[in-house]
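Okay everyone, thanks for coming. Let me put the structure up on the screen and we'll walk through it together.

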Amino acid sequence: MTTTPTRPAGLPAPARRNGPAPQRKARRNGKQALAIWLFLVPAAVLGLYFKFIPMAEGIRLSFFKVQPFLGDVFVGFDNYLAVLTDARFMEALGHTVVLGLTQTLGALVVGFLLALLLEGQARSLWILRTTIFLPVVTALAVVGEIWRILYFPTADGPLNSILGWLGLGPLQFLNGTDTALWSIAVVGIWSGAPYNMVIILAGLTGVDRSLYESAGVDGATIWQRLRYITLPALRPSLVIVLTLAAIRSLRSFTEVYVLTGGGPAGSTEVWMTRMYSLGFQRNDIGVASAAAVLLLVVTLLLTVGTQLLAKRKAAR
């Protein structure tokens, strides 16, 4: 009669050998990482070739007097000095700031109002949102041409005809030095507000509805709910909207170029149109590159500053 050996009581069971399991897991993770990089490589190559290499070349050219077929001449920071001391660049900077502030604040307010009006799950609201979002996906050149027709300065122009029904005289819109910049700002607000609306709508989905119900029970007015519940909850979304809108406004070019080309009499010339005229009309590539680098630096400072300010407010 044979007996089966038993393990003495109180002794721990022998540990199981893991064997090749960790190796299989490591190989699986390696394959997943390889697949991720294979998907990223095409986009990375395109971004490197069409974005980062031209950016580096632009920074290099900003230190040279570019002379095709004659050889570039190193001039140091003379191109930057030429930009900062150029009167037309300073005028363009003023127009850019005014246009940027008007478009940023206007698109923020209009986008916020649209988000409040179109919040909900009804199918009709989805149709309205899609319709309102169309200006964002439409090419800016097309948008500019449409508004240029609407702004036709004669009495039988589309907008002037509506003003005529109200008993108001025809306006020059894009042809007047006092109205051209504000007319372009309206176009920027019209095309930028729907984009802000979508971001704010996404932020509104994170607001706790029970807070509105509690505030209603306590007798809070609509303005008080908006001020003490909605706006604090939307702070991250508003920071994103302000940052993107400010960057977009600083880089305004297409709508200005299509609508006025910087005129009349330079009243709508912005930083980008001035840079374009120097680089592609006067062939002063070095100075234009220096202006582009300065715009890049301002954009980076604006983005980083906005993020730091938002984090500081959130930490309080």
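So, a quick word on terms before the tour: when I say helix, I mean a DSSP run of H or I that is at least four residues long, and helices are numbered from the N terminus. Also, keep in mind that this is a predicted model.

Let's start with helix H1, which covers residues 21-61. Tyr49 sits in that helix. Is Tyr49 buried or exposed? Its relative accessible area is 55%, and the cut-off for exposed is over 50%, so Tyr49 is exposed.

With 49% relative accessibility, Arg27 gets called partly exposed.

Now for the inside. The largest nonpolar core has 20 residues, and the ones touching the most other members are Ala115, Met197, Ile200, Leu204 and Leu234. Which helices supply at least two residues each? Those are H3 (87-117), H7 (180-204), H8 (209-217), H9 (222-233) and H10 (235-250). H7 gives the largest share, with 5 residues.

Last stop: Glu213, over in helix H8. Glu213 counts as exposed because its relative accessibility is 57%. Glu213 and Arg225 are 12 residues apart along the chain, and their C-alpha atoms are 9.9 Å apart.

Technical notes: Residues numbered from 1 in each chain as written. Predicted model: local features only at pLDDT ≥ 70, side-chain atom pairs only at ≥ 80, totals over all residues. Heavy atoms only, no water. Buried < 20%, exposed > 50% of the residue type's maximum accessible area, 1.4 Å probe, protein only. Core = buried A, V, L, I, M, F, W, Y, C linked by side-chain atoms within 4.5 Å.
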